[in-house]
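This briefing is meant for a reader who is meeting the structure for the first time. It begins with the sheet and then turns to strands, helices and a single residue.

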Amino acid sequence: MEKKDIRALSKEDLRLFFEQNGDKAFRGNQVYEWLWNKGVHSFDQMTNISKEMRERLNKHFVINHIKVDTMQKSTDGTIKNAVKLHDGFFVESVLIPTETRVTACVSSQVGCSLDCKFCATARLKRMRNLNPDEIFDQVLTIDAQSRLFFGKPLRNVVFMGMGEPLMNYNNLLKAIEKIINSDSLAITPKRITVSTSGIPKMIRKMADDQVKFKLAVSLHSAIAEVRTKIMPFNEHFPLEELRQSLQYWYNKTKSRITYEYVVWKGVNDQKKDVEALIQFCKFAPSKVNLIEYNPIDEGLFQQADYSALTMYQTMLKNAGITVTIRHSRGKDIDAACGQLANKI
Ligand code: SAH
């Protein structure tokens, strides 16, 4: 008999297991706590469960868990974990420290099915979705590292690692539920950001589900032809549909939308590009994060001149849109945006 992954079971499933095996249902709650709040890796550590029941659990289930295969530290304090999954696949997750807080940047898929031309992860292709426990474990690991190396718990989580979170929506939601609820993490939804390349149908679904976390959209251009060139899937998810889904999201959640945006030389560094961006996002309170480009190849793309960034900054500000220029962290260890590609 092949053993099942016990963390695929809900609390209710676990309660039922105990009942059906002649024990008290509340033992299921205890096991759930061991798994999700205390993060144990073996049934033997579940000391309030009888030896007989532990053996029975062991017979039926495994506790899959991730392993940090390599941990690299950047000169700026950023830590990148190459994480090995139970079936041998790898993903990466990053701890980003600032003076005031620590943020975890985690992966949602092994590789990615989208085809953004400027992103290293896109070249890996999508191998599989991560399970809720594999997403949760990345966060738990970074929380432990944060306490160990920085003396404080993890405060923020961003789904900006490998993969497209909205293409693994059900598992994403299950993982976020644990991140919010588990005693060990208890991170509030407002400090969790899900970043998407822009899947209109899923943005509407999130709005309908009344999720409480924040939404970030990797826009990079509000001009259809330009966006299709750098993010070819844009052809199947037209900008206008994306905008309408974001409007739907805002109407339902009243939650400000963040746009991630890289300005490249000769791609989107003209006045008309900024005008299109303003036109695109002015329907709701928005924030534009101008991200520094992290080169991933031989000069196919180049970061725009500083003057282009200041043009964006001034024009956006004048239009009443919040704008920040974000410098990359962890570039020396390939841990920055778009550099996650299992290179080690
Ligand atoms: N698929 C989701 C989650 C990945 S987030 C999304 O696209 O939002 C990774 C972020 O880094 C995205 O905003 C992406 O557009 C950006 N990015 C990708 N490659 C990059 C690069 N080489 N330099 C800077 N940012 C990059």
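Helices and strands are here DSSP runs, a helix (H or I) having at least four residues and a strand (E) at least two, and they are numbered from the N terminus. In those terms, Gly338 lies in the segment after β14. The model is a predicted one, and the points below are grouped by topic.

**The sheet**

- Ten strands form an open sheet with mixed pairing, in the order β3-β4-β5-β6-β9-β10-β11-β12-β13-β14.
- At its edges stand β3 (67-73) and β14 (322-326), each of which pairs on one side only, and neighbouring strands of the sheet are turned against each other by 20° on average, direction ignored.
- Strands of a sheet pair through backbone hydrogen bonds, either parallel or antiparallel.
- Strand β9 (residues 156-159) runs parallel to strand β10 (residues 192-196) and is joined to it by three bridges, with Val157 standing opposite Ile192 in β10.
- Helix α5 (residues 169-181) packs on the sheet, where it touches β9 and β10, and its direction makes about 165° with that of β10.

- Strand β12 (residues 257-262) is mostly covered, since six of its six residues are buried.
- In a regular strand the side chains alternate between the two faces of the sheet.
- From β12, Ile257, Tyr259 and Tyr261 point one way, while Thr258, Glu260 and Val262 point the other way, and all are buried.
- β12 pairs in the parallel sense with strand β11 (residues 214-218) over four bridges, and Thr258 in β12 is the bridge partner of Ala216.
- Six bridges join β12 to strand β13 (residues 286-291), again in parallel, and here Val262 has Ile291 in β13 as its bridge partner.

**Two packed helices**

- Helix α1 (residues 11-20) packs against helix α2 (residues 26-36) at an angle of about 130°, with their axes 7 Å apart, which makes α1 oblique to α2.
- The crossing of α1 past α2 is right-handed.
- Lys11, Leu14, Arg15 and Phe18 in α1 meet residues of α2, including Phe26, Val31, Tyr32 and Leu35, and the residues of this contact divide into six nonpolar, two polar and three charged.

**Gly338**

- Gly338 counts as partly exposed because its relative accessibility is 25%.
- Leaving aside residues up to four places away in sequence, Gly338 touches Cys119, Ala120, Thr121 and Ile296.
- Gly338 and Glu33 are 305 residues apart along the chain, and their C-alpha atoms are separated by 35 Å.

Notes
Residues numbered from 1 in each chain as written. Predicted model: local features only at pLDDT ≥ 70, side-chain atom pairs only at ≥ 80, totals over all residues. Heavy atoms only, no water. Pairing = 2+ DSSP bridges. Axes fitted to C-alpha atoms, helices over the stretch in contact; angles between N-to-C directions. Contact = heavy atoms within 4.5 Å. Buried < 20%, exposed > 50% of the residue type's maximum accessible area, 1.4 Å probe, protein only. Parallel < 35°, antiparallel > 145°, perpendicular 65-115°, else oblique. Left-handed = near helix turned anticlockwise from the far one by under 90°. Nonpolar A, V, L, I, M, F, W, Y, C, P; charged D, E, K, R; others polar.
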